[in-house]
Amino acid sequence: MAETVTSKNLALAKAINESLRRALETDPKVLIMGEDVGKLGGVFRVTDGLQKDFGESRVIDTPLAESGIVGTAIGLALRGYRPVVEIQFDGFVFPAYDQIVTQLAKMHARSLGKVKLPVVVRIPYGGGIGAVEHHSESPEALFAHVSGLKIVSPSNASDAYWMMQQAIQSDDPVIFFEPKRRYWDKGEVNPEAIPGPLHKARVVREGTDLTLVAYGPMVKLCQEVAAAAAEEGKNLEVLDLRSVSPMDFDAIQASVEKTRRLVVVHEAPVFFGSGAEIAARITERCFYHLEAPVLRVGGYHAPYPPARLEEEYLPGLDRVLDAVDRALAY
């Protein structure tokens, strides 16, 4: 008897779509809300077909009012629903920032644990699609600084599917950063698999000479860097963080204790970025193991540039390889 094949080859965006569909099917309290998420299916078509199949009371087209979208989701969560809201682009989230950081993040502590707000805020983020400012931002550090929020970002289709399931099932609010430049990257997704913990990092390439740490859109770049470095005899380890808050510092430490060098890569500006926290923590934890300072590669401390200049702004193969060479030169 032939073995049943349950895996599917899906684009990252389609994996999120199927994950949302599964959540809508299995839990009548799950709702989807956002600008153009219904009839249009979202600007990236991530919610395509969901309103048609589940109706306008489950997949809700909202006005252009991010603060109102998140505020309404908070009210629905107080009444027992599990809203999944979409912020159409990363730079549009700031009108909702007050609701997220002063209400959504704080209600559980404010009520001494009596109130839970199981809200997922989906944010397509990052550059690489030829867009302009407000459409290519990486604001994850602004949210990671706020206690009471979980911050995650998948790098591949399988993680996108399962991490969305886990985010929706969480009783805590989750900011789900979706790497929009990877929406069309395909990968195997097994809907019958048993996923690992939501906030556990994963080694995606074993190595011995240096650790590259990244999350979301930069994981693929770091894998390309490791492949290029291998041609020169350098054996790099790539660690996909998957979660920015809480962060799996134990996994980073374990890798660095083996490789003794660390380069952190993210699209967000290096200045006060998540790489700074990683560098500080790992310097404290691995002081006697490190053979070079922790180096960071990221965007510049400047407004996001016009589309034709974004490749100069974003970390690329050469810029990360340069950091690798500098670390290995110590």
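Let's start with disulfides. A disulfide is a covalent bond between the sulfur atoms of two cysteines. Here the cut-off is a pair of cysteine sulfur atoms within 2.5 Å. This structure holds zero of them. Take Cys-222: it is in no disulfide, and the nearest cysteine sulfur, that of Cys-286, is 18 Å away. Cys-286 is in no disulfide either, with the sulfur of Cys-222 as its nearest, 18 Å away. Are these two buried or exposed? Cys-222 is buried, at a relative accessible area of 0%. Cys-286 is buried too, also at 0%. Buried means under 20% relative accessible area, exposed over 50%, and partly exposed in between, using a 1.4 Å probe and protein chains only.

A word on the source. This is a predicted model, where local features need pLDDT of at least 70, side-chain atom pairs count only at pLDDT 80 or more, and totals for chains, interfaces and linings use all residues. Residues are numbered from 1 along each chain as its sequence is written, and side-chain values use heavy atoms, leaving out hydrogens and water.

Next, the sheet. Five strands form an open sheet with mixed pairing, in the order E9-E11-E10-E13-E14. Strands here are DSSP runs of E, at least two residues; helices are runs of H or I, at least four; both are numbered from the N terminus. Two strands pair if DSSP finds at least two bridges between them. Which strands stand at the edges? They are E9 (202-205) and E14 (295-299). Each has a single partner strand, so one side of each is left without a neighbour in the sheet. E9 pairs with E11 (residues 236-240) in the antiparallel sense, over three bridges. Arg-202 has Asp-240 in E11 as its bridge partner.

Now a helix. H10 (residues 274-285) lies across E10 (210-214), E13 (262-269) and E14. H10 runs at about 155° to E13. Axes are lines fitted to C-alpha atoms, for helices over the stretch in contact, and angles run from 0 to 180 degrees between N-to-C directions.

Last, the cores. A nonpolar core is a set of buried Ala, Val, Leu, Ile, Met, Phe, Trp, Tyr and Cys residues joined through side-chain atoms within 4.5 Å. The largest has 79 residues. Ile-100, Ile-175, Ile-252, Leu-262 and Ile-278 touch the most other members. Helix H7 (residues 157-169) gives the largest share, eight residues. Look at Ile-278. Contact means heavy atoms within 4.5 Å. Not counting residues up to four places away in sequence, Ile-278 touches residues including Val-213, Leu-241 and Phe-249. A second, separate core has 21 residues, among them Val-219 and Leu-321.
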